[in-house]
Amino acid sequence: MMDNMGGKDSFSDYATPQVLALDYITNRVTKEENKCDFEGQCNMLQRYAVAVTFYSLGGGNWTNFSNRSTSKEGSLDTISMDEHWLKSDGDICSWHSESPYADEPDVVGFECDMNGCLKNIFLNNNNLQGSLPEELGLLQNLEIVSLDDNFIYGTIPASVGSLTELRKFEADKNFLTGTIPLSLYENLQQLETFDLDTNFLVGNLDGIGLMKSLKHLSVFDNFFTGTIPKEIQNLKSLEYAYFDFNDFSGTVDESICSLYDKEMSGNLEEIAVDCDVDCSCCL
């Protein structure tokens, strides 16, 4: 669990997201809300991880961070700090509101399952500003993380690899840098959608073939290098793969093209690479 928390430097300043989250837990949340349910859920730990995420990504400046309903045709309500999701009498499972965007999920915020465990995060186009915290890895029941079209910078935390139930990770149109941690390739065996296009990511994609459930892979418009890994041939469920607008070179192996063959259990519908990458079956 400690691997999924910020290091000691995170608690050396009163203004860090971790310290602010602890202050929120200890001084603003009631004792009843902080108690642990030993049948499987610890409300305090889950609430702490969400609070760190809130503060790490500039929650006070989010476009929508209240429980008020909004019209998809109308404008967002003006809200005060007392009305946002971190108010002390609010369960984190109620930290969501109606999305104002017709082409986005129905809600903005956090959704839980029937047991009160956080299941989905929908914060697309919500003015998130900051870096993703290691504490995301504490939210072990997450299935969907959707953070498209924001101002998130820094690296992808290795702790995201702890989210073994994750089916969808979307963070396109941000300012992410660095490489994709190996822990994601090794541990996210349920991941179906991996959407990281339009960022500033670097390195290669070696290890991507371990994500055996992957259906949609989008990494276009980054700074990836090397060749398109032959191991992609192992992704029998893959339907769409977008590698263009990067610095890849070499040749796409014919074994990857065989994923188009439905008679051979392939499911590929479309693969895109840049013109200077040799591929007989790509757009």
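Colleague: In what order do the strands of the open sheet lie, and is the pairing parallel or antiparallel?

Modeller: Strands of a sheet pair through backbone hydrogen bonds, either parallel or antiparallel. In this predicted model, 6 strands make up an open sheet with parallel pairing, ordered β6-β8-β10-β12-β14-β16.

Colleague: Which are the edge strands?

Modeller: They are β6 (129–131) and β16 (247–248), each of which pairs on one side only.

Colleague: How many bridges join β6 to β8?

Modeller: There are 3 bridges between β6 and β8 (residues 151–154), and these strands run parallel. Among the residue pairs, S131 has Y153 in β8 as its bridge partner.

Colleague: Turning to the core, which residues have the most contacts inside the largest nonpolar core?

Modeller: That core has 69 residues, and F169, F194 and F243 have the most contacts inside it. Elements that each supply at least two of its residues include α1 (17–27), α3 (43–56), β4 (107–112) and β5 (118–122). Helix α3 gives the most, with 6 residues.

Colleague: What does F243 touch, not counting residues up to four places away in sequence?

Modeller: With those neighbours set aside, F243 touches L205, L217, V219, F220, I228, I232, F248, I271, A272, V273 and D274.

Conventions. Residues are numbered from 1 along each chain as its sequence is written. This is a predicted model: local features need pLDDT of at least 70, side-chain atom pairs count only at pLDDT 80 or more; totals for chains, interfaces and linings use all residues. Side-chain values use heavy atoms; hydrogens and water are left out. A nonpolar core is a set of buried Ala, Val, Leu, Ile, Met, Phe, Trp, Tyr and Cys residues joined through side-chain atoms within 4.5 Å. Buried means under 20% relative accessible area, exposed over 50%, partly exposed in between (1.4 Å probe, protein chains only). Helices (H or I, at least four residues) and strands (E, at least two) are DSSP runs, numbered from the N terminus. Contact means heavy atoms within 4.5 Å. Two strands pair if DSSP finds at least two bridges between them.
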